[in-house]
Amino acid sequence: MNFLANILGTIMRFMYEGLANLTSEPESISFYAISIILMTILTKAITIPLTVKSQKTQRQMQELQPEVEKLQKKYGYDQLILQQKTQEMYKEKGVSQIGFSSCITMIIPFIILIALFRVINDSGRFVFNSNVSMENISTNFFWVPTLMKSDPLWFGLPLATSLSQFAVSLFNMKTNPAMNNNPQMGSMNTMFLILPLVYFFFFRSLPAGLPLYYTASSLIELIFRVVMYFFFENKNVPLEDKK
């Protein structure tokens, strides 16, 4: 994890120095805070192709649901045969049942969050590559005096993290029929709605730089998912059959 922390720290230092050489630092938001936001945009850009592939696969599987129901009626007496026929049908339509890309889009942000915790806790080492005194570097973000300590306001960044993640979960549930029509997803949907509340208490005691990163990440993801949803809905993208 130190290896990834060094990479993230180097990226933050590059962004920080670029901003410092470009313009003067605003009083309300530090270059340090802006660097975290810019790095969030960068990390989200890395997972965008995977997210597009995941959403496209989900849409294809939804369109093939009537075919799956036909197979269930025909081969429901034997689950092994049903599974084999279903896999053959998905393969014929060029749809992968493996949620690899979905897992990656969830795992990567979590790994980055853990590494970023080390970066923010020891920015003198990971970001500025020396044991410089961080007291000489501005790390404020509007009402937050320093992003290296917890947010002083209970309704600050931790709450913003909770609300933004709740919005992402709610949007996914409303726009994904599979999550609403599948009884087995009931407990999963409940977890998705409760998890943002857990985030609030989790981030309350952590350095404010972490909820800043997570809030920015959730907002970018929400905007991207909204755009992609209306793109697929309006364009009516057809299924792609493998030749």
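**Entry 1: salt bridges**

I looked up Glu221 and Arg225, whose side chains meet in a salt bridge at 2.9 Å, N to O. By salt bridge I mean a side-chain nitrogen of Lys or Arg within 4 Å of a carboxyl oxygen of Asp or Glu. Side chains of opposite charge can pair when their charged atoms come close. Both Glu221 and Arg225 lie in helix 10, four residues apart, about one turn of the helix. I take helices (H or I, at least four residues) and strands (E, at least two) as DSSP runs, numbered from the N terminus. Arg225 is buried, with a relative accessible area of 16%. Buried means under 20% relative accessible area, exposed means over 50%, and partly exposed is in between (1.4 Å probe, protein chains only).

I note that this is a predicted model, in which local features need pLDDT of at least 70 and side-chain atom pairs count only at pLDDT 80 or more, while totals for chains, interfaces and linings use all residues. Residues are numbered from 1 along each chain as its sequence is written, and side-chain values use heavy atoms, with hydrogens and water left out.

How many salt bridges does the structure hold? I find three. Glu221 also forms one with Lys44, the closest N and O atoms being 3.5 Å apart. Glu221 lies in helix 10 (residues 209-235) and Lys44 in helix 2, so this pair ties together parts that are 177 residues apart in sequence. Lys44 is buried, at 11% relative accessible area. Through shared partners, salt bridges join Lys44, Glu221 and Arg225 into one network.

Glu67 and Lys70 form another salt bridge, with the closest N and O atoms 4.0 Å apart. Both lie in helix 3, three residues apart, about one turn of the helix. Glu67 is partly exposed at 36% relative accessibility, and Lys70 is exposed at 54%.

**Entry 2: helix 4**

I checked the length of helix 4 (residues 79-93). At 1.5 Å a residue its 15 residues should span 21 Å, and its end C-alpha atoms are 21 Å apart, which agrees. The expected span is 1.5 Å times one less than the number of residues.

Which residues of helix 4 are buried? They are Leu82, Thr86, Met89 and Tyr90. Seen down the axis, the buried residues of helix 4 fall within an arc of 95°, so they line one face of the helix. The arc is that of the directions from the helix axis to the C-beta atoms. The face turned away from the buried side carries the exposed residues Leu80, Lys91 and Glu92. What covers the buried residues includes helix 2 (31-63) and helix 3 (65-75).

I then looked at the ends. Asp78 caps the N-terminal end of helix 4, with a side-chain oxygen 2.9 Å from the backbone nitrogen of Leu80. Just after the helix, Gly94 takes a positive phi of about 75°.

**Entry 3: Ser28 and Asn140**

Ser28 lies in the loop between helix 1 (2-22) and helix 2. Ser28 is partly exposed, with a relative accessible area of 34%. Asn140 is found in the loop between helix 6 (123-126) and helix 7 (157-175), and Asn140 is buried at 14%.

The backbone oxygen of Ser28 lies 3.2 Å from a polar atom of the Asn140 side chain. Leaving aside neighbours within four places in sequence, Ser28 is in contact (heavy atoms within 4.5 Å) with Asn140, Phe141 and Phe142. I also noted Trp143, which is 115 residues from Ser28 in sequence and 8.0 Å from it in space, C-alpha to C-alpha.

**Entry 4: cores and the whole chain**

The largest nonpolar core has 35 residues, and those with the most contacts inside it are Met12, Ile36, Leu116, Val119, Phe141 and Leu147. A nonpolar core is a set of buried Ala, Val, Leu, Ile, Met, Phe, Trp, Tyr and Cys residues joined through side-chain atoms within 4.5 Å. The elements giving two or more residues to this core are helix 1, helix 2, helix 5 (100-121), helix 9 (186-204) and helix 10. Apart from this core lies another, of eight residues, among them Tyr75, Leu82, Tyr90 and Val95.

For the whole protein I recorded ten helices and zero strands. Of its 243 residues, 40% count as buried. Among contacts between residues at least 6 apart in sequence, 73% join residues at least 24 apart.

Definitions and conventions. A polar contact is a pair of N or O atoms within 3.5 Å; within protein, one must be able to donate a hydrogen and the other to accept it, and residues adjacent in sequence count only if both atoms are side-chain atoms.
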